[in-house]
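Student: I've got a new protein model to look at, and I'd like to work through its aromatic rings with you. Can we go step by step?

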Amino acid sequence: LLLSIDLNHSTSPRPPHNIHSFSCLEPPNNTPKNTSPLFKMTKSTILVTGGSGLVGQAIKSYTDEHKLPGETWVFLSSKDGDLRVRADTDKIFEKFQPTHVIHLAAKVGGLFANMSQKVEFYRENTLINDNIMENCRIHKVTKLVSMLSTCIFPDKTKYPIDETMLHDGPPHPSNEGYAYAKRLIDTMNRAYAEEYGCNFTSIIPTNIYGPHDNFSIQNGHVIPGLIHKCYIAKKEGTPFTIWGSGTPLRQFIYSLDLAELTVWVMREYHSPDPITLSVDESAEVPIKDVALAVAKAMKFEGEVVFDTTKADGQFKKTACNKKLRSYRPDYKFISMEEGIQKSVDWFLANYETARK
C-alpha cells in the first residue's frame, strides 16, 4: 500500500589495594570528592573525544558562546591519534593534561555493520573506553562524562525506560557487541568511584539530530536521512517517499540542547549513576510528523508518500526524563519544527562538505 499526501492541499566503597600506584583522589571516600562546580576552578582544560562529530561540534558551538573564565576546550578528531591504541591515548593525555573529559568517541555503524562485526564493535569500543577511563584515573581528571545510548537497553522491557533498567536483560541481538561494550562504561563508572573515588558518570541521550550530522540515506539516522531524501526529491521533482506507515513514535533531541545539557552534567551533576538526557514523553512524535516538518522546512511542494510495504520497526521506545527534570524542571527544549528548520538550513548551506 502507498499512502500519499499532497502538500498543496493539505553503595559503600572499599579501600584501594595497596599495589596500585595511582588514584584519582587520595584517599577514596564514600562519594567522589572532586565535586566542586567547574566555575570555582581558576583554570581547567576540557578534552572532548569525538570532537568532530555531531555532538562534539554542537558542544563546540555552545561553548564558543558560553565558555567560563579559565576554561580551555580541546576537541579531538581521529587526526590526533587512535584511541583504540593505549600509547596514542597516553600521548594525548600527556600533551593536553585535561582536568575534565567528555567522552563521545566510539566505533559506530548501521544495522548490517553491527550484525556482521559484533567482535569488532565490542573489542574496539572496549579498548577505547578502557584507555580513556584509565588515563583519567592516572591523570587524576576531575570529571569524566561518557555518552551511552538508548539502543543498549534490554530488548524486552517495559516503557518508558529509565536509567535503573539498563542491565535488566540482554540487548537486541543485532547490536549486542556494541551494547555490552557501552554498558560496561556504567559498570566501570561505579567501580572507579568505589575503588578510587573517581568522579565518572554517563549520559543517555535519545535520538539526536542537528548540524554536522551524517546525512547518509542508507546509514544515517531518521531525521538527517529524511532531510537528504527530501532534498533529492525536490531537486529531481520526484515524490518524497518515506519507508513505513509513519506511525512509530520517537523522541528527538536537538544537538545544541544536548550540548548544553552535557556541559551542565560535567559542571553540576556528580553521581556515577547515568542520567537520561531527553525531551519529555509528551514531546514524542510520529515519524509522519517528522517527515512533514522536513518537507515544510525544505519548502518541498511535491507528493509525500508513505510506503507501507516497508517495515515500521519498533512502534515506540519511550524514555523517561524524570531524573533530568528533578534537576532542571524549567529547561526548555528547542521545538522539533525549529530544530528541523535549523538542520535543513545547515544541510543546504554545507551540502558539498556535509557527511552523506
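Student: Is Tyr 327 buried, partly exposed or exposed?

Tutor: Keep in mind that this is a predicted model. Buried means under 20% relative accessible area and exposed means over 50%. Tyr 327 has a relative accessible area of 44%, so Tyr 327 is partly exposed.

Student: Which residue forms an aromatic pair with Tyr 327?

Tutor: Look for an edge-to-face pair, 5.7 Å centre to centre with 65° between the planes. Tyr 327 lies in helix H9 and the partner in helix H7, so the pair ties together parts that are 63 residues apart in sequence.

Student: Which helix gives the largest share of the nonpolar patch?

Tutor: The patch covers about 330 Å² and is made by Tyr 122, Tyr 180, Leu 184 and Met 188. Met 188, for one, is partly exposed at 33%. The largest share, 3 residues, comes from residues 176-196, which is helix H5.

Student: Which ring does the charged end of Lys 107 sit over?

Tutor: Check the ring whose centre is 4.8 Å from that charged end. The ring belongs to Phe 121.

Terms used:
Residues numbered from 1 in each chain as written. Predicted model: local features only at pLDDT ≥ 70, side-chain atom pairs only at ≥ 80, totals over all residues. Heavy atoms only, no water. Patch = residues over 30% accessible without salt bridge, like charges linked within 9 Å, V, L, I, M, F, W, Y side chains within 5 Å. Areas by Shrake-Rupley, 256 points an atom, 1.4 Å probe, with all protein chains shown as cover. Salt bridge = Lys/Arg side-chain N within 4 Å of Asp/Glu carboxyl O. Helix = DSSP H or I, 4+ residues; strand = E, 2+ residues; numbered from the N terminus. Buried < 20%, exposed > 50% of the residue type's maximum accessible area, 1.4 Å probe, protein only. Phe/Tyr/Trp six-rings, centres within 6.5 Å; stacked < 30°, edge-to-face > 60°. Lys NZ or Arg CZ within 6 Å of the ring centre and 35° of its normal.
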